[in-house]
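Trainee: I have a model open and want to learn how to read it. Can you take me through it feature by feature?

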Amino acid sequence: MASSENQTSVEYIKHHLQNWQVCKTDEGWAWNQCTEAGFWTFNVDSLIFSFLLGALFCFSFWKVARNAQIEKPGRWQSFVEMVVEFVDKSVKDTFHGRNPLIAPLALTIFVWIFLMNLMDLVPVDLLPWLADKFNVLAFDAEPGHTYLKVVPSTDANITFSLSLGVFLLIIFYSIKVKGIGGFVGELTLHPFSSKNKFVQVLLIPVNFLMESIGLLAKPVSLALRLFGNLYAGELIFILIAVLMSAGIGGIVGGGIAYMVWAIFHILVITLQAFIFMMLTIVYLSMAHEDH
């Protein structure tokens with residue numbers, strides 16, 4: 001465990017829900033003393049694991065593409081081809097425009113989010129315990145004070161950064177396809193319209209308010225849906241770990257609970273990656289529709 005043996009259950013849960021942080025303070029840059037640091041606070045563990053999983057995805061798929069064999073494909077090549085075909089079919093069935101970026105974007109979103117979600121199946125104490133031992137041996141740190149969260153999608157900063165990237169693409173393609181006038185008209189002339197020009201002018205503020213709320217709700221819903229589901233899943237794994245510390249009965253009961261929840265959670269992490277990908281395709285398809 002990354003925490004000391006004298007921790008209470010509440011302290012143990014809070015410890016595992018705390019990110020490894022670096023922040024800017026009045027005295028300079030600080031580590032894990034960021035409760036009131038303000039905007040310039042970085043969740044280093046989320047950034048590191050996101051980057052490593054993204055690099056793993058790019059390298060593994062690039063390796064398959066480079067060494068692909070038509071006559072005798074290996075198991076990994078067959079699996080990658082199955083994923084690519086699945087995403088490609090999803091794009092063709094959902095996206096009604098013509099844009100070569102959408103399929104690669106959907107593939108990246110699906111696999112990257114799935115890999116980040118998959119980290120939730122790693123035992124909650126394993127990597128924090130290893131990080132704690134490394135800090136003690138390498139930096140003579142005090143045992144039990146190492147913070148490490150290994151599931152990037154349980155960090156709202158990561159999920160919002162993904163959704164904001166999609167949001168910027170929605171705005172970009174809306175303006176590119178419809179023009180600035182068409183985009184503004186979409187926000188101000190719908191859903192209520194009138195042949196009477198005076199009435200239409202009166203309806204513009206109402207339309208703008210409603211359409212703006214709907215537009216801004218897209219990245220918020222994308223981010224919060226992924227964050228909420230994965231954060232809840234991580235919390236359940238932590239609670240199971242607390243149960244397993246309660247003697248032999250806790251170990252047996254916690255072990256059974258862990259297996260049951262892990263099997264169910266495999267469906268959750270896959271479904272959440274799929275939902276994020278599909279909503280991205282749908283939103284970008286709507287951005288390409290010129291009325």
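The dialogue below goes from the whole chain to single residues.

Trainee: What should I know about the model before I start?

Mentor: This is a predicted model, in which local features need pLDDT of at least 70, side-chain atom pairs count only at pLDDT 80 or more, and totals for chains, interfaces and linings use all residues. Residues are numbered from 1 along each chain as its sequence is written, and side-chain values use heavy atoms, with hydrogens and water left out.

Trainee: What is the mean pLDDT of the protein chain?

Mentor: First the idea: pLDDT is the predictor's confidence in each residue, from 0 to 100. Here the chain mean is 90, and 96% of the residues reach 70 or more. Among the elements, helix 4 (residues 102–118) has the highest mean, 97. Strand 2 (residues 28–31) has the lowest, 74.

Trainee: How many helices and strands does the protein chain have?

Mentor: Elements are DSSP runs, numbered from the N terminus: helices are H or I with at least four residues, strands are E with at least two. This chain has eight helices and three strands. From the N terminus on, the order is α-β-β-β-α-α-α-α-α-α-α. Along the principal axes, the C-alpha atoms fill a box of roughly 75 × 60 × 40 Å.

Trainee: What share of the residues counts as buried?

Mentor: Learn the cut-offs. Buried means under 20% relative accessible area, exposed means over 50%, and partly exposed lies in between (1.4 Å probe, protein chains only). Of the 291 residues in the chain, 39% count as buried.

Trainee: Is L267 buried or exposed?

Mentor: L267 sits in helix 8. Its relative accessibility is 59%, so L267 counts as exposed. Now try F110, in helix 4. F110 has a relative accessible area of 10%, so this residue is buried.

Trainee: At what angle do the axes of helix 6 and helix 7 cross?

Mentor: Axes are lines fitted to C-alpha atoms, for helices over the stretch in contact, and the angle between N-to-C directions runs from 0 to 180 degrees. Helix 6 (residues 156–188) and helix 7 (residues 197–244) have axes that come within 8 Å and cross at roughly 155 degrees. That makes helix 6 roughly antiparallel to helix 7.

Trainee: Which residue types make up the contact of helix 6 with helix 7?

Mentor: Ala, Val, Leu, Ile, Met, Phe, Trp, Tyr, Cys and Pro count as nonpolar; Asp, Glu, Lys and Arg as charged; the others, Gly among them, as polar. The contact residues of helix 6 with helix 7 are 20 nonpolar, five polar and three charged.

Trainee: Where does P191 lie?

Mentor: P191 is in the loop between helix 6 and helix 7. Check its peptide bond too. The bond from H190 to P191 is cis, with omega near 5 degrees.

Trainee: Which side chain does N19 join in a polar contact?

Mentor: A polar contact is a pair of N or O atoms within 3.5 Å; within protein, one must be able to donate a hydrogen and the other to accept it, and residues adjacent in sequence count only if both atoms are side-chain atoms. The side chains of N19 and D45 make one, at 3.0 Å. N19 lies in the loop between helix 1 (9–16) and strand 1 (21–25). N19 is buried, at 9% relative accessible area.

Trainee: Where does S212 lie, and which backbone oxygen is 2.6 Å from its side chain?

Mentor: S212 is in helix 7. A polar atom of its side chain lies 2.6 Å from the backbone oxygen of F208. S212 is buried, with 17% relative accessibility.

Trainee: How far apart in space are E289 and V177?

Mentor: E289 and V177 are 112 residues apart in sequence and 7.7 Å apart in space, C-alpha to C-alpha. E289 belongs to the segment after helix 8 (247–287). E289 is partly exposed, at 32%. Now take L267 and R75: 192 residues separate them along the chain, and their C-alpha atoms are 22 Å apart.

Key. Parallel < 35°, antiparallel > 145°, perpendicular 65-115°, else oblique.
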